[in-house]
Every structure is written in structure tokens, then in C-alpha cells.
Amino acid sequence: MSLSANPTAQEATTDDDAEYDIIVTNDGDEDITVSLSTQQGNDCNGFSSSLDTFQVTVNESESETVKLTVSVNDQADGDCETTVNAQATGGLGYPASDDVKGNTTAGDGGG
């Protein structure tokens with residue numbers, strides 16, 4: 001199982017969230033269930049993140065896409081690195097884990 005993000009970096013404002021497609025790829029030959037979570041760096045004051053789902057089933061040799069949304073408030077400044085963690089169960093060689101990082105920059109705007 002592997003994770004990738006598209007794009008890997010974006011800007012967010014108080015009016016426009018940053019959205020990332022998190023692609024969960026099952027490179028095995030059995031269906032797997034993948035549990036997802038997010039974690040933000042210590043310097044992420046004013047940033048929050050959410051996933052549109054926290055669990056996805058990925059059929060053998062296929063991919064599923066989950067949307068990661070990063071929002072900012074008026075206190076957000078600089079960059080924030082959000083890590084999406086995945087834990088897979090169900091196939092041979094599992095449990096397995098992977099993670100991918102998205103970098104969000106707080107932009108001007110909003111108000």
C-alpha cells in the first residue's frame with residue numbers, strides 16, 4: 001500500500017481552503033481496508049485539517065482518492081505541514097502503514 005498527494009503544496013486563505021487529493025494505492029493482490037488520520041506540525045497555529053472519510057476499502061491493484069482539506073483562521077501565519085497517516089489491514093503482508101505530507105501556506109485574504 002502506498003499514499004501520494006496531489007498537489008503536495010498549496011496556499012489557503014480564510015475564504016479559500018487548501019484541498020489535496022490523497023491517493024491510496026493497493027499494490028497487493030488482495031482487497032485491503034485502510035484507516036486514515038491527520039497530524040499537523042507543532043508550528044501550525046491557526047491551521048486545521050479534515051478528511052472526507054477516515055476509512056476506505058481499496059480493491060487489489062486499484063486506488064481510491066480521499067480529499068484532505070486544510071483551513072486557516074486569522075491567526076494562521078507561515079507554513080503548516082500536515083501528515084496523513086494510513087494503516088492497512090486485510091491482505092497478505094498486512095498490517096502495513098504509510099504516510100504522505102502536504103504543505104499549506106497561509107495566504108493574505110479573507111476579512
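Is Asp21 buried, exposed or partly exposed? Asp21 is partly exposed, because its relative accessible area is 27%. Here buried means under 20% relative accessible area, exposed means over 50%, and partly exposed is in between (1.4 Å probe, protein chains only).

Before going on, a word about what you're looking at. This is a predicted model, where local features need pLDDT of at least 70 and side-chain atom pairs count only at pLDDT 80 or more, while totals for chains, interfaces and linings use all residues. Residues are numbered from 1 along each chain as its sequence is written, and side-chain values use heavy atoms, with hydrogens and water left out.

How confident is the predictor? pLDDT is its confidence in each residue, on a scale from 0 to 100. The protein averages 93, and 97% of the residues score at least 70. Among the elements, E7 has the highest mean pLDDT (98) and E9 the lowest (95). The element names come from DSSP runs, numbered from the N terminus: helices (H or I) need at least four residues and strands (E) at least two.

**A charged pair**

Back to Asp21. Its partner is Lys67, and the closest N and O atoms of this salt bridge are 2.9 Å apart. A salt bridge here is a side-chain nitrogen of Lys or Arg within 4 Å of a carboxyl oxygen of Asp or Glu, and by that rule the count comes to one. Asp21 sits in strand E3 (residues 18–25) and Lys67 in strand E7 (residues 63–72), so the pair ties together parts that are 46 residues apart in sequence. Lys67 is also partly exposed, at 28% relative accessibility.

**The disulfide**

The structure holds one disulfide, meaning a pair of cysteine sulfur atoms within 2.5 Å. Cys44 and Cys80 form this link, with 2.1 Å from S to S. With 100° about the S-S bond, the link is right-handed.

**The nonpolar core**

A nonpolar core is a set of buried Ala, Val, Leu, Ile, Met, Phe, Trp, Tyr and Cys residues joined through side-chain atoms within 4.5 Å. The largest one has 29 residues, and Val34 and Leu36 have the most contacts inside it. Several strands each supply at least two residues of this core, among them E1 (2–6), E4 (32–40), E5 (47–51) and E6 (55–58).

Take Leu36 as an example. Contact means heavy atoms within 4.5 Å. Leaving aside neighbours within four places in sequence, Leu36 is in contact with residues including Leu3, Val24, Leu51, Phe54 and Val84. Ala86 is also on the contact list of Leu36. Ala86 and Ala96 are ten residues apart in sequence and 8.2 Å apart in space, C-alpha to C-alpha.

**Threonines with polar partners**

Which side chain does Thr82 make a polar contact with? Its partner is the side chain of Gln40, at 3.4 Å. A polar contact is a pair of N or O atoms within 3.5 Å; within protein, one must be able to donate a hydrogen and the other to accept it, and residues adjacent in sequence count only if both atoms are side-chain atoms. Thr82 lies in strand E8 (residues 79–89). Thr104, in strand E9 (residues 96–106), has a side-chain polar contact of 2.7 Å with Tyr20. Leaving aside neighbours within four places in sequence, Thr104 also touches Cys80, one of its listed contacts, while Thr82 has Val70 and Val100 among its contacts.

Here are some accessibility values side by side:

| Residue | Relative accessible area | Class |
|---|---|---|
| Thr82 | 1% | buried |
| Thr104 | 0% | buried |
| Ala86 | 0% | buried |
| Ser61 | 58% | exposed |

**Two backbone details**

Ser61, the exposed residue in the table, lies in the loop between E6 and E7. Its phi is near 60°, a positive value in a residue other than glycine. The other detail is a cis peptide bond joining Asn6 and Pro7, with omega about -10°. Pro7 lies in the loop between E1 and strand E2 (9–12).

How values were computed. pLDDT = per-residue confidence, 0-100.
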